[in-house]
Amino acid sequence: MTDRTDDLNPRGKRDHGGGLDDAIARHRGARAEWIDLSTGINPHPYPVADLTSEDWTALPDHGAFARLSDAARRFWGVPDGAAILPAPGASALIARIPALAPVGAVQITTPTYNEHAAAFAAQGWTVQPGGPTQARVIVHPNNPDGRIWQAEDADAPLTVIDESFCDVTPQASLIRLSERSGVIVLKSFGKFWGLAGLRLGFAIGHPDLIARLNDLTGPWAVSGPALRIGTQALNDTAWAEATRARLARDTERLDTLMTGKGAHLVGGTTLFRLYDVDDAAAWQDRLAQAHIWSRIFPFSDRFLRLGLPPEHGWSRLEAAL
């Protein structure tokens, strides 16, 4: 029988953070020994409360979805004229959004998160760096350089504003545009709350557009545990405020450490930093020897991206550098 394992996960072939299994295969060591700084996930996740047996055994009801959506509306200040669709991760929404409009051209300024271009291309769209186009994607703040976009940049009939990393800078959010016809704002739960494995994301936009997206995702798209944990976390504004302060302090610490070793800051957010170094592959290899995984990019031999280490990882990072 032919081994078709590679066919089961084609998205794994695209350039992303993570991929710790490949790092371990190349540089050895037990998984528990590694510190993964290749993603922009909060290393101090939201503390998950106890779940009920019903969270695991029952089909989620409308009340659970309503409680989650209400918490999201309050947390993000969603306009009354916009609707909210919870989903099993922002990536699941990204894959379906191109079906909301007739195939045409989409403007995606690079470098940026590459799943948007892949999703549009997979459905026959032409992806280009400039406009005017029938659709546009802006990642706000941008991954990997942290670029902040403005309201006037939402200028296509279908505009996707990916705010997966915007919870660290809520004052910059473009959520006020979400009640406009043709605008969808995406939110990711995994980054700021540090629970990427929960697979929870949100699409926020005009009710007609969100209703069509809901039809594409199907019923019970979000698990019972994700509904409960997401509702708890979005209602915990004290944790969010304390977390933003902590991330800001840790980011300053990381910048001081990296620039002291000769790196130059390009940009980023308080969940990840992008540095210009003399040889990104050599830096990554040096860190990997200490079982610390980082992110480099196929479009640059000088860019190195690091997330924030957990509390126990700082001394190891400094020693590795």
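A residue counts as buried when its relative accessible area is under 20%, and as exposed when that area is over 50%. The model is a predicted one.

By that cut-off, helix α6, residues 207-217, has four residues that are buried: L209, I210, L213 and T217. Viewed down the axis of α6, these buried residues fall within an arc of 95°, so they line one face of the helix. An α-helix has 3.6 residues a turn, so residues three or four places apart point the same way. D208 and D215, on the other side of α6, are exposed. The cover over the buried residues of α6 includes the strands β2 (83-87), β6 (158-162), β7 (183-188) and β8 (201-205), as well as helix α4 (90-96). After α6 comes G218, with a positive phi near 85°.

The next part is a sheet. Its 4 strands follow the order β9-β10-β13-β12, and the sheet is open, with antiparallel pairing. At the edges stand β9 (264-268) and β12 (295-297), each with a single partner strand, so one side of each has no neighbour in the sheet. On average, neighbouring strands here are turned by 30° against each other, direction ignored. Between β12 and β13 (residues 300-307), which run antiparallel, there are 3 bridges. F297 has S300 in β13 as its bridge partner.

Two helices lie across strands of this sheet. Helix α8, residues 237-260, lies across β9, β10 (272-276) and β13, and runs at about 15° to β10. Helix α9, residues 280-289, lies across β12 and β13, at about 40° to β13.

How values were computed:
Residues numbered from 1 in each chain as written. Predicted model: local features only at pLDDT ≥ 70, side-chain atom pairs only at ≥ 80, totals over all residues. Heavy atoms only, no water. Buried < 20%, exposed > 50% of the residue type's maximum accessible area, 1.4 Å probe, protein only. Arc of directions from axis to C-beta. Contact = heavy atoms within 4.5 Å. Pairing = 2+ DSSP bridges. Axes fitted to C-alpha atoms, helices over the stretch in contact; angles between N-to-C directions.
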